[in-house]
Amino acid sequence: MAIEGRGRDGILLAGRLLLAAALMPAGIARALNPSGFALTLAATGMPYPHAVATVSVVVTIFAPLALALGVLPRLIGWTLAAHTLVMGLLLHRFWDFSGASALVERELFLAQAGLAGGLMLMAVVGPGAWSWQGWWHGPRPAAPAAVPAPKKRAAPPRAPRAAKAARAAA
């Protein structure tokens with residue numbers, strides 16, 4: 001059963017807001033201490049950790065805001081999904097741990113992977129009508145009718161009239 005109309009648009013808006021809310025605290029924390037985040041990245045062996053940290057701060061602050069508003073939702077969705085997966089792989093290396101630490105890191109990595117999956121779904125489905133893109137492009141066209149109207153059959157070819165046939169013969 002597909003949800004259509006305002007219900008669908010409301011669910012897409014709620015999904016965008018929840019995804020943005022899940023990503024925003026990490027972005028704020030990284031923006032408040034970019035050097036500390038760069039040191040964390042350097043500890044993982046990341047080349048150019050300060051540049052990567054700066055890019056990550058910009059992405060994790062501005063992309064969730066754009067996602068919540070529905071600005072360039074497909075590009076933002078794919079960008080955030082890739083960023084979330086890469087950061088999950090860098091920061092939650094559960095395979096390097098053992099015991100309870102490995103379980104915690106695996107949980108955190110899987111949460112990151114789940115967020116990335118939600119962002120991919122948002123990128124594929126789109127933002128809905130209650131977004132900047134929906135406002136910019138105007139209302140959606142009406143859904144096509146469930147059953148198409150039957151096509152008219154072509155009229156059979158007409159035989160030539162007797163008068164035209166007689167003229168043609170003469």
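Which residues have the most contacts inside the largest nonpolar core? They are Leu19, Leu23, Ala63, Leu67, Ile76, Leu80 and Leu119, and the core has 13 residues. A nonpolar core here is a set of buried Ala, Val, Leu, Ile, Met, Phe, Trp, Tyr and Cys residues joined through side-chain atoms within 4.5 Å. Helix 1 (5–32), helix 3 (49–69), helix 4 (73–91) and helix 5 (100–125) each supply at least two residues of this core. A second, separate core of 7 residues includes Phe37, Ala38, Ala53 and Met87.

Before going further, some ground rules. This is a predicted model, in which local features need pLDDT of at least 70 and side-chain atom pairs count only at pLDDT 80 or more, while totals for chains, interfaces and linings use all residues. Residues are numbered from 1 along each chain as its sequence is written, and side-chain values use heavy atoms, with hydrogens and water left out.

**The overall picture**

The protein has 7 helices and 0 strands, where helices (H or I, at least four residues) and strands (E, at least two) are DSSP runs numbered from the N terminus. Of its 170 residues, 30% count as buried. Buried means under 20% relative accessible area, exposed means over 50%, and partly exposed lies in between (1.4 Å probe, protein chains only). Take the contacts (heavy atoms within 4.5 Å) between residues at least 6 apart in sequence: 73% of them join residues at least 24 apart. The protein exposes about 11600 Å², and carbon and sulfur atoms supply 71% of that area. Accessible areas come from the Shrake-Rupley method with a 1.4 Å probe; for residues, only the protein chains shown count as cover.

**A look at helix 3**

Among the buried residues of helix 3 are Ala53, Ser56, Ala63 and Leu67. The buried residues of this helix pack against helix 1, helix 2 (34–43), helix 4 and helix 5. Just after helix 3, Gly70 takes a positive phi of about 85 degrees.

Leaving out residues up to four places away in sequence, Leu67 touches Arg16, Leu19, Ala20, Ile76, Leu80, Leu119 and Met122.

Trp78, Leu85, Met120, Val124 and Val125 make a nonpolar surface patch of about 420 Å². Patches are made of residues with over 30% relative accessible area and no salt bridge; like charges are joined within 9 Å, and nonpolar side chains (Val, Leu, Ile, Met, Phe, Trp, Tyr) within 5 Å. Helix 4 and helix 5 give two or more residues to the patch, and helix 5 brings the largest share, 3 residues.

Side chains of opposite charge can pair when their charged atoms come close. How many salt bridges does a search of the whole structure find? It finds 1: Arg93 pairs with Asp96, their closest N and O atoms being 3.0 Å apart. A salt bridge is a side-chain nitrogen of Lys or Arg within 4 Å of a carboxyl oxygen of Asp or Glu.

| Residue | Relative accessibility | Class |
|---|---|---|
| Ser56 | 1% | buried |
| Arg93 | 28% | partly exposed |
| Val125 | 39% | partly exposed |
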